[in-house]
2 protein chains.
Amino acid sequence: MSETRIAFEELVSLLERVFLKHGTSAATARVLARNCASAQRDGSDSHGVFRIPGYLSTLASGWVDGRAEPRVEDCAPGFVAVDAGNGFAQPALEAGRGLLMEKVRENGIALMAIRNSHHFAALWPDVEPFAREGLVALALVNSMACVVPAGGRKPLFGTNPISFAAPRSGHDPLVFDLATSAIAHGDVQIAAKEGKTLPEGYGVDADGQPTRDPQRILDGGALLPFGGYKGSALSMMVELLAAALTGGNFSFEFDWSGHPGAKTPWTGELIIVIDPARGAGSNFADRTETLVQAMVDAGQQRQPGDRRYRQRAEAEQLGVAINEDDLAYLKGLVN
Amino acid sequence: MSETRIAFEELVSLLERVFLKHGTSAATARVLARNCASAQRDGSDSHGVFRIPGYLSTLASGWVDGRAEPRVEDCAPGFVAVDAGNGFAQPALEAGRGLLMEKVRENGIALMAIRNSHHFAALWPDVEPFAREGLVALALVNSMACVVPAGGRKPLFGTNPISFAAPRSGHDPLVFDLATSAIAHGDVQIAAKEGKTLPEGYGVDADGQPTRDPQRILDGGALLPFGGYKGSALSMMVELLAAALTGGNFSFEFDWSGHPGAKTPWTGELIIVIDPARGAGSNFADRTETLVQAMVDAGQQRQPGDRRYRQRAEAEQLGVAINEDDLAYLKGLVN
């Protein structure tokens with residue numbers, strides 16, 4: 001596949017037209033287009049344009065409401081809830097962001113509990129903007145049952161990522177976004193597409209037996225948590241915080257069998273934001289920088305988020321890298 | 001070593017006298033004694049009576065102030081800070097708990113940032129009591145540099161545990177307490193004492209080479225994070241939240257070389273508490289129970305905290321299990 005480049009804003013605009021034409025409101029198209037284009041720009045391949053067919057088949061199936069209007073609820077001085085109305089999580093976050101920011105600045109900590117929402121994207125775009133305003137943010141989202149809990153036999157948890165962002169003096173924020181599964185589901189799909197073999201310990205086949213073949217994982221098999229029982233405990237925590245606490249579905253609770261083509265998990269998301277300036281850590285971003293320098297001294301060359309920022313800088317110079325076929329596909333969708 | 005049994009409150013009282021006689025205030029003795037006895041009762045062997053020699057040599061060295069008076073600061077409607085005054089973290093938590101609870105009930109979420117504190121105990125006792133009041137709690141504490149970051153060569157992070165507690169209808173809370181290192185430091189010490197070999201991937205020797213010999217890890221070697229770069233990222237997050245955010249020391253920042261016998265990390269701790277009843281998750285404890293039943297159905301027989309609760313129930317019947325030599329040692333300390 002040969003690669004081409006497209007200006008970031010041009011890609012955003014193209015994706016916006018794609019979403020609009022396939023059943024979303026203008027607000028949702030605007031948010032999802034920027035989100036998806038950002039993932040493509042930053043080299044988050046499994047969450048970029050790669051996801052568009054999944055978005056569109058889901059919208060076509062009637063599983064998600066692309067025109068949902070999120071309802072923001074002011075539950076307590078530190079607690080914002082958003083009912084996404086069976087729409088996407090990102091427009092819900094956007095709708096509640098202003099109130100959340102007020103609460104964080106006032107209280108030092110606040111949370112946003114999004115329920116009744118679909119999250120089909122990378123999680124780092126949900127936290128990075130908070131760190132750019134000097135805040136610390138933690139986001140958790142559950143997904144669809146595809147991970148076997150520690151000691152178990154059947155899939156139950158989602159890939160359940162945890163994303164964290166912290167400001168860093170004089171640099172882009174420190175941001176990680178990690179699936180609590182041994183591998184992200186999108187990466188299994190990419191490995192299968194490319195005919196690659198996975199390392200050991202990533203998944204099991206339909207009989208619950210360990211396999212290194214990504215296709216066997218996709219054909220009724222399941223993923224394993226990262227790091228054994230510890231990753232499994234963290235994945236359980238994500239279920240509790242992103243679903244039980246928000247009022248969303250657990251990863252095993254929704255039934256999309258009546259909606260062929262549906263790909264988006266219908267769950268919940270929790271975002272906790274802290275203002276470090278309210279405590280003794282008023283020089284927080286300097287302290288982050290001290291830690292990063294110590295990590296470099298200890299031999300850790302690459303910091304969380306570095307690869308994305310490098311790709312982003314390159315994209316700002318040269319445009320966003322995209323397969324020619326994928327670009328033609330997007331253009332075909334709006335003609 | 002032959003084992004005997006002692007009534008829980010008798011052990012608490014004995015430990016209280018031990019602490020009092022070795023340089024702590026009455027308040028600190030009371031809190032640490034109950035904490036240590038609880039770990040012994042629940043089978044958290046590496047944090048029970050096993051830790052007493054370390055506590056006492058640290059107190060004797062002048063490294064920690066056993067008579068420190070924690071200073072509670074009301075920083076914002078959702079933000080309590082406590083300066084432990086170079087004392088232990090648990091009395092600091094105790095001192096700030098009332099204010100934290102008020103803030104959680106009022107705001108839906110609040111945090112306590114403890115700094116200038118020593119944490120030498122299990123972390124689950126810090127969160128379990130919140131879950132018993134229907135709240136969700138997350139605690140993070142950094143420790144002393146003994147874990148090599150992903151891709152690095154030198155130890156930098158502490159074992160940096162993450163502990164989480166959630167209420168569960170009709171049952172003891174769901175509680176986990178996991179080191180972000182592949183193994184807890186106390187367990188390496190126990191393995192070395194017992195002459196055992198560790199699984200692969202747990203640590204490196206003084207030359208940074210992988211080793212399965214716990215003694216080589218202790219002799220200038222270091223631990224590895226659990227789960228590779230993901231566990232390493234979580235350990236970094238713990239450094240940022242427990243140290244940078246609180247105003248405490250990073251795990252690599254303190255220098256105890258002038259205090260021979262010092263064993264306690266002089267760092268910080270962050271505790272985040274959420275009231276799920278303020279949002280849509282008003283039936284949170286029922287939802288936890290739904291998730292636990294699904295985990296059991298998926299084949300996960302043992303839930304986080306189960307082993308502790310089983311040992312606790314047994315101790316309530318028969319008394320707390322303790323080696324006869326350890327009990328004689330404790331009694332000798334107060335005669």
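Let's start where the two chains meet: 60 residues of chain A are in contact with 60 residues of chain B. Keep in mind as you look around that this is a predicted model. On the side of chain A that touches chain B, the largest share comes from helix α8 of chain A (residues 228-244), which supplies 7 residues. Sorted by class, that side of chain A holds 36 nonpolar, 15 polar and 9 charged residues.

Now turn to chain A by itself. Its domain assignment lists domain 1 (1-61 + 305-335), domain 2 (70-173 + 233-300) and domain 3 (182-224). If you take the centres over C-alpha atoms, domain 1 and domain 2 of chain A are 22 Å apart. These two domains also touch, with 19 residues of domain 1 of chain A in contact with 17 residues of domain 2 of chain A. On the domain 1 side of that contact in chain A, helices α2 (26-41) and α3 (52-61) each provide at least two residues. The biggest contribution there is from α2(A), with 8 residues. The make-up of this domain 1 side in chain A is 8 nonpolar, 10 polar and 1 charged residues.

The largest nonpolar core has 221 residues. Within this core, the residues with the most contacts are Leu111, Ala137 and Val273 of chain A, along with Leu111, Ala137 and Val273 of chain B. Leaving aside residues up to four places away in sequence, Val273(B) touches Leu100(B), Val104(B), Ala110(B), Phe130(B), Leu135(B) and Ala137(B).

Definitions and conventions
Residues numbered from 1 in each chain as written. Chains lettered and ligands numbered in written order. Predicted model: local features only at pLDDT ≥ 70, side-chain atom pairs only at ≥ 80, totals over all residues. Contact = placed C-beta atoms within 7 Å. Helix = DSSP H or I, 4+ residues; strand = E, 2+ residues; numbered from the N terminus. Nonpolar A, V, L, I, M, F, W, Y, C, P; charged D, E, K, R; others polar. Domains from an automatic or database assignment. Core = buried A, V, L, I, M, F, W, Y, C linked by C-beta atoms within 7 Å. Buried ≥ 20, exposed ≤ 12 C-beta atoms within 10 Å, placed from the backbone.
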